[in-house]
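Subject: Structure handover and findings

Hello,

Here is the structure for you to look at. My notes follow below it.

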Amino acid sequence: MSTARQAPAIHALPVKDTSPSKHVEPTNASQLPVRAGEDPWTEAELAEVIEILEADIVRFRDQLATSTAELVGLLRDGTEGAGRDPADVGSANFERDAEMSLANNAREMLDQSKLALRHIELATYGSCDNCGQPIGKGRLQAFPRATLCVKCKQREERR
């Protein structure tokens, strides 16, 4: 009898809806966690990350609206014509599934961007949601939505 391994608890913060017109003011940037050997965050570096995240929110909202509109059209068209060719039905199903995947991805990225801004507001930006250790300033500058340190992310991907 094998025992199943239990996934670690992830301590994520609730996502607060941030409208594109609401600008997140950084807390004290120098107090955000950094890895050993890294320079503390500067106000300019954090402002740049906030700007990227806010632009991402606008972009992902637009993508989500476009995908939703496409899905409505595909679902409406999919119910018409009872005698449709099976190849057409299969093609329509493929398009619908692809559009649903795009919408889900945009929704997930939107939520991740909002969560990152929430972390900045609470001055917890840069702490791993899993282990609490610093994520690393370089990683966050490359991927501002990161919520896990490299070690925890690698562990998560191996599962």
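How many helices and how many strands make up the secondary structure of the protein chain? The count is four helices and zero strands. Along the sequence, the pattern reads α-α-α-α. Helices here are DSSP runs (H or I) of at least four residues, strands are E runs of at least two, and both are numbered from the N terminus.

Some ground rules before the details. The model is predicted, so local features need pLDDT of at least 70 and side-chain atom pairs count only at pLDDT 80 or more, while totals for chains, interfaces and linings use all residues. Residues are numbered from 1 along each chain as its sequence is written, and side-chain values use heavy atoms, with hydrogens and water left out.

**Burial and core**

Of the 159 residues in the protein chain, 28% count as buried. Buried means under 20% relative accessible area, exposed means over 50%, and partly exposed lies in between (1.4 Å probe, protein chains only).

The largest nonpolar core has 26 residues. Such a core is a set of buried Ala, Val, Leu, Ile, Met, Phe, Trp, Tyr and Cys residues joined through side-chain atoms within 4.5 Å. Trp41, Leu46, Ile120 and Tyr125 have the most contacts inside it. Two elements give two or more residues to this core: helix H1 (43-78) and helix H2 (86-121). H1 gives the most, with eight residues. In soluble globular proteins, nonpolar side chains tend to be buried together.

Glu99 sits in helix H2. Glu99 counts as buried because its relative accessibility is 14%. Glu99 and Leu74 are 25 residues apart in sequence, yet their C-alpha atoms are 8.9 Å apart in space.

**Salt bridges**

There are six salt bridges in the structure. The test is a side-chain nitrogen of Lys or Arg within 4 Å of a carboxyl oxygen of Asp or Glu. Three are described here.

- Arg59 and Asp56 meet at 2.8 Å, N to O. Both lie in helix H1, three residues apart, about one turn of the helix. Asp56 is buried, at 8% relative accessible area. Arg59 is partly exposed, at 39%.
- Asp97 and Arg96 meet at 3.4 Å, N to O. Asp97 is partly exposed at 42% relative accessibility. Arg96 is also partly exposed, at 24%.
- Glu121 and Arg118 meet at 3.6 Å, N to O. This pair is in helix H2, three residues apart, again about one turn. Glu121 is partly exposed, at 22% relative accessible area.

Bridges that share partners also join Asp56, Arg59 and Arg145 into one network.

**Surface charge**

Which residues form the positive surface patch? They are Lys151, Arg155, Arg158 and Arg159. Patch residues have over 30% relative accessible area and no salt bridge; like charges are joined within 9 Å, and nonpolar side chains (Val, Leu, Ile, Met, Phe, Trp, Tyr) within 5 Å. Lys and Arg count as positive and Asp and Glu as negative, with His and the chain ends not counted. Each charge is placed at NZ of Lys, CZ of Arg, CG of Asp or CD of Glu. Accessible areas come from the Shrake-Rupley method with a 1.4 Å probe, and for residues only the protein chains shown count as cover.

Lys151 lies in helix H4 (residues 150-158). Lys151 counts as exposed because its relative accessibility is 58%.

Best regards
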